[in-house]
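Dear colleague,

Please find below the structure I promised to pass on to you, together with its sequence. My notes on what was found in it follow.

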Amino acid sequence: EVILVTSGAIGMGVGKLGLPGRPDDMPTKQACAAVGQCELMYMYDNLFDEYGITVAQILLTKTILEKNNVVNTFEKLISMGVIPIVNENDTVAIDELELEIGENDSLSAIVASHKYIT
């Protein structure tokens with residue numbers, strides 16, 4: 001089983017939008033995350049496609065992680081041979097953005113612990 005946890009959506013969005021640097025205000029960070037998430041998935045899709053591997057995007061928030069319904073998605077994708085690519089949903093969940101702590105480290109640990117994936 002392979003599950004990839006990624007980050008970098010805001011940075012990719014900054015680049016795609018041609019901004020001079022990482023924004024300070026929340027709405028611009030969220031906009032960059034929205035644009036950058038598309039860029040990240042485009043990159044992963046192209047790279048994995050070279051090896052005949054299908055990928056899927058799963059955007060999670062703390063609230064979603066507290067529910068077990070995400071398990072069905074992971075299990076089905078893995079059973080179909082699809083690699084889930086997980087990122088926090090910075091476009092709508094701003095808790096992690098406000099704290100500026102690498103929340104993907106925690107996200108990776110939660111996903112790796114199989115607490116939510118059986």
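Which residue of β3 does L4 stand opposite? The residue is I85. Please keep in mind throughout that this is a predicted model.

The pair belongs to the contact between β1 and β3, two strands that run in the parallel sense and are joined by two bridges. On β2, β3 has a parallel partner with six bridges between them. Within that pairing, I58 faces V86 of β3, and L60 has E88 of β3 as its bridge partner.

Taken together, the three strands form an open sheet in the order β1-β3-β2, with parallel pairing. β1 (4–5) and β2 (55–60) are the edge strands, and each has a single partner, so one side of each has no neighbour in the sheet.

As for the chain as a whole, it holds six helices and three strands, and along the sequence these follow the pattern β-α-α-β-α-α-β-α-α. The chain has 118 residues, of which 38% count as buried. Of the contacts between residues at least 6 apart in sequence, 67% join residues at least 24 apart.

How many of the six residues of β3 are buried? Six of the six are, so this strand is largely enclosed by the rest of the structure. In a regular strand, side chains alternate between the two faces of the sheet. In β3 both faces are covered: I83, I85 and N87 are buried on one side, and P84, V86 and E88 are buried on the other. Helix α4 (residues 70–79) lies across β2 and β3, and its direction makes an angle of about 165° with β2.

Two loop residues may be of interest to you.

T54 sits in the loop between α2 (26–49) and β2. Is T54 buried or partly exposed? Its relative accessible area is 48%, which means that T54 counts as partly exposed. Setting aside residues up to four places away in sequence, T54 touches G81, V82 and I83. The C-alpha atoms of T54 and G81 are 7.5 Å apart, although these residues are separated by 27 places in sequence. One of the residues touched by T54 is I83, which is also among the buried residues of β3.

T91 is found in the loop between β3 and α5 (95–99). With a relative accessibility of 28%, T91 is also partly exposed. Beyond its neighbours within four places in sequence, T91 is in contact with Q30, A33 and A34.

Rolling a probe the size of a water molecule over the atoms shows where empty space is left. How many cavities of 30 Å³ or more are there? The count is one, and the space in the largest cavity is about 30 Å³. Its lining consists of A9, A33, Q37, L59, E88, N89, D90 and T91. By class, the lining has three nonpolar, three polar and two charged residues.

With kind regards

Note on methods:
Residues numbered from 1 in each chain as written. Predicted model: local features only at pLDDT ≥ 70, side-chain atom pairs only at ≥ 80, totals over all residues. Heavy atoms only, no water. 1 Å grid on protein atoms, 1.4 Å probe; cavity = no way out; pocket = protein on both sides within 12 Å on 5 of 7 lines; lining within 4 Å. Points joined across faces, edges and corners; volume = space filled by probe spheres on them. Nonpolar A, V, L, I, M, F, W, Y, C, P; charged D, E, K, R; others polar. Pairing = 2+ DSSP bridges. Helix = DSSP H or I, 4+ residues; strand = E, 2+ residues; numbered from the N terminus. Contact = heavy atoms within 4.5 Å. Axes fitted to C-alpha atoms, helices over the stretch in contact; angles between N-to-C directions. Buried < 20%, exposed > 50% of the residue type's maximum accessible area, 1.4 Å probe, protein only.
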